[in-house]
Protein chains: 2
Amino acid sequence: MAKPGKIPGSAEDVEAAYYEAIASNDVDALMALWADDDDIVCVHPGATRLIGHAAIRASWVEVFERGGVRLAPTLLHVNQNMMSAVHSVLEEVRTPGQEPQDLHIVATNVYLKTPVGWRIVMHHASVAPGQAPASAPSGTVLH
Amino acid sequence: MAKPGKIPGSAEDVEAAYYEAIASNDVDALMALWADDDDIVCVHPGATRLIGHAAIRASWVEVFERGGVRLAPTLLHVNQNMMSAVHSVLEEVRTPGQEPQDLHIVATNVYLKTPVGWRIVMHHASVAPGQAPASAPSGTVLH
């Protein structure tokens, strides 16, 4: 359930709280950041889509029960208007004590402005080869 | 470049035109559907993100030069407000004369309402195992 008093204001704030909730394996904090709407969608890397709170919550419980994930979000790219914010984030996957993995995660996080503030309506993550680029200017990926 | 006179009105119309442009290997028609904004983002399956018209156009030219792709979009799921539309689409990959592949593509297409109408600002596609589910109600994917 949403906790309006505890969630800060901007889409960036919600995103920071999102990665903090993942880092602390806190499914209640994580789910409070999603829109109170059964049309929300979550796509985990290599998986099909999940729709609605029950399915999305169950998937994160499963992730956290397996020990969670250590993600380092980086290189945020934003396309925003007054009522929506489309964030593209590159996530490095970190395992303490191990070398960085030769892959990174590309995540799309979409926020809509709801009556109780900015909330997540879509998280789509997929795996890409190689470490996250140090920067990703136009055209450099293909050439 | 955008061709305002040739692009129909709703986000659904733009999406239909998008898959039609892919089916006909028409990179000009495809790129006209994107917002005239260098913040647009495209993530192809298994790849990192591309930002801006030049990189995105080059990637589709490459796809079309390899013979293109035959996608059958299905099971659209929508989260929309007045200024943005977040579409989740399952795409079957079809190769004429061959059995359906045992995978499907999950695509997120985000449209924003721009001064010249609805335009794509984000396409994120990733591969999921198995054929596209016949339907995807809440909770059925995990259980």
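**Labels and the values behind them**

Modeller: Gladly! Let us start with a pair of side chains: Arg57(A) and Asp28(A) meet in a salt bridge, N to O at 2.6 Å. Arg57(A) sits in helix α3 of chain A and Asp28(A) in helix α2 (residues 27–31), so the pair links distant parts of the chain, 29 residues apart. Please keep in mind that this is a predicted model.

Biologist: What makes the contact of Arg57(A) and Asp28(A) a salt bridge?

Modeller: The cut-off is 4 Å between a side-chain nitrogen of Lys or Arg and a carboxyl oxygen of Asp or Glu. Arg57(A) and Asp28(A) are at 2.6 Å, N to O, so the pair qualifies.

Biologist: What makes Glu62(A) and Arg66(A) a salt bridge?

Modeller: Their closest N and O atoms are 3.5 Å apart, and the limit is 4 Å, so the pair counts. In chain B, Arg66(B) and Glu62(B) form a salt bridge as well, with closest N and O atoms 3.5 Å apart. Over all chains, the search of the whole structure finds four salt bridges.

Biologist: Why is Arg66(A) called exposed, and why is Glu62(A) called partly exposed?

Modeller: Exposed needs over 50%. Arg66(A) has 63% relative accessibility, so it is exposed, whereas Glu62(A) has 38% and is therefore partly exposed. In chain B, Arg66(B) is exposed at 62% and Glu62(B) is partly exposed at 37%.

Biologist: Now to the place where the chains meet. How many salt bridges are there between chain A and chain B?

Modeller: The count there is zero. The rule does find 14 residue pairs in polar contact across the interface, with both residues at pLDDT 80 or more. About 3,900 Å² is buried between chain A and chain B, 61% of it on carbon and sulfur atoms. Each chain brings 50 residues to the contact.

Biologist: Which element gives the most to the side of chain A that touches chain B?

Modeller: That is β6(A), with eight residues. By type, the residues on this side of chain A divide into 30 nonpolar, 16 polar and four charged.

Biologist: Why is His77(B) called buried?

Modeller: Buried means under 20%, and His77(B) has 15% relative accessibility, so it counts as buried. Leaving out residues up to four places away in sequence, His77(B) touches residues of both chains, including Asp39(A), Val41(A), Arg49(A), Val86(B) and Ser88(B).

Biologist: How do you know that β3(B) and β4(B) pair?

Modeller: At least two bridges are needed, and eight join β3(B) to β4(B), so they count as paired, and they run antiparallel. His77(B) lies in β3(B), residues 71–80, and stands opposite Ser88(B) in β4(B). A hairpin through three residues joins the two strands.

Biologist: What makes β4(A) and β5(A) a pair in chain A?

Modeller: Nine bridges, in the antiparallel sense. The requirement is at least two, so the label holds. Ser88(A) has Thr108(A) in β5(A) as its bridge partner. β4(A) also pairs with β3(A), again antiparallel, over eight bridges. Nine of the 10 residues of β4(A) are buried.

Conventions. Residues numbered from 1 in each chain as written. Chains lettered and ligands numbered in written order. Predicted model: local features only at pLDDT ≥ 70, side-chain atom pairs only at ≥ 80, totals over all residues. Heavy atoms only, no water. Contact = heavy atoms within 4.5 Å. Buried area = accessible area lost by both parts, 1.4 Å probe. Polar contact = N/O pair within 3.5 Å; in protein donor to acceptor, adjacent residues only side chain to side chain. Helix = DSSP H or I, 4+ residues; strand = E, 2+ residues; numbered from the N terminus. Nonpolar A, V, L, I, M, F, W, Y, C, P; charged D, E, K, R; others polar. Buried < 20%, exposed > 50% of the residue type's maximum accessible area, 1.4 Å probe, protein only.
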